[in-house]
Amino acid sequence: MTGFFPDTRLRRIRSTGWSRSLHRETTLTPADLIWPLFVTEGTGVEEPIASLPGVSRWSVDLIAKRAMEAIALGIPCIALFPNTQADRRSDDGAEALSPDNLMCRAIRAIREACGDQIGILTDVALDPYTTHGQDGLLDDAGYVSNDATIEVLVEQSLNQAAAGADIIAPSDMMDGRVGAIRSALEAEDHANVQIMAYAAKYASAFYGPFRDAVGSGGLLKGDKKSYQMDPANGEEALREVALDLSEGADSVMVKPGLPYLDIVRRVKDRFEIPVFAYQVSGEYAMIEAAAAAGAGDRDALVLETLMSFKRAGCTGVLTYHAAHAAKLLNG
Ligand SMILES: NCc1[nH]cc(CCC(=O)O)c1CC(=O)O
Ligand SMILES: [Mg+2]
């Protein structure tokens, strides 16, 4: 039981900088960040993404430079997303299984340049490769077929692991895919390749700029509500996480980030496992728009939101602000 005013004055410990440092409950460092990067065809290419101001797609030769930049900044892991050329997209997303697709070439280029100094996380889902922009295979009725999709996701995961991915991150929300991918990785000599499951991924309005970035936005008809979660649900997120853990996930992700910090906290308290959050493209764009409109200081907005993820219980955060935040944190 704490005392009463004036014996107890909470402002006492806030009154100087050194004291605020001493009493700070949560820390944020570059090691808490995962940097998502978009890859595109060509050489020496940097393509700015209009709906994500300050974020570009990089050709394979330049992506390795971004990875070296991450290492220099103390960022331990990057996440890769391909903008597949239109003529390589198909109804079945077969390009996802090509050992020479953009993703695999980027993985190899980074591995060659950086060795094991940085973790490479790769997204598993078919939307960057399909002509319809859905994450899986469509049946005759246009429904995203669960079990048929899993078979392809397993092959996609093995393809990425063979190219050198360290963390396989299935973002598709099919039931049962974590177990299937884990078994295949074990069988194919990839015992140390991790799985970070997008366990509680919501059907969100915050993914728009990402879909522009990978080129699936204009293609997508309808929505992803038959597989991504209803934003109204929290208990269901706990069931999703429990299942992914039982199937062998090494860590789980909650996505989007800021509107779902309650889910992060519930998952952390319930399971006491590594939990990551994805501060998604629409959240990034919102912060940039607020700063551009003079509604807040950009650097302060970036650091405050990232700290809030740590306070909520995150082990780490995927954020397009990773490099900028790391520079600020490194002083
Ligand atoms: N499976 C695709 C995928 N992987 C990551 C994101 C979104 C990331 C972001 O918005 O930054 C999406 C979009 C979607 O589900 O439509
Ligand atoms: Mg699930």
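**Cores and pockets of a predicted model**

Author: Ile78 is in contact with Ile34, Trp35, Leu37, Ala67, Ala70, Ile110, Ile118, Gly119, Ile120 and Leu121, its neighbours within four places in sequence being left aside. The model is predicted: local features need pLDDT of at least 70 and side-chain atom pairs pLDDT 80 or more, while totals for chains, interfaces and linings use all residues. Residues are numbered from 1 along each chain, chains are lettered from A and ligands numbered from 1 as written, and side-chain values use heavy atoms, without hydrogens or water.

Reader: What makes a set of residues a nonpolar core, and which members of the largest one touch the most others?

Author: Its members are Ala, Val, Leu, Ile, Met, Phe, Trp, Tyr or Cys, joined through side-chain atoms within 4.5 Å, and buried (under 20% relative accessible area, 1.4 Å probe, protein chains only). In the largest core, of 78 residues, these are Ile78, Leu80 and Ile110. Apart from it lies another core, of 24 residues, including Phe81 and Met253.

Reader: Why is Arg14 counted among the lining of the largest pocket?

Author: Because a lining residue has an atom within 4 Å of a pocket point, Arg14 qualifies, as do Leu10, Ile13 and Met307, among others.

Reader: How do you know which class Arg14 belongs to?

Author: Asp, Glu, Lys and Arg count as charged, so Arg14 is charged. The lining has five charged, three nonpolar and two polar residues.

Notes
On a 1 Å grid over the protein atoms alone, a cavity is a set of points where a 1.4 Å probe fits but cannot get out, and a pocket is an open set with protein on both sides within 12 Å along at least five of seven lines; lining residues have an atom within 4 Å of a point. Buried means under 20% relative accessible area, exposed over 50%, partly exposed in between (1.4 Å probe, protein chains only). Contact means heavy atoms within 4.5 Å.
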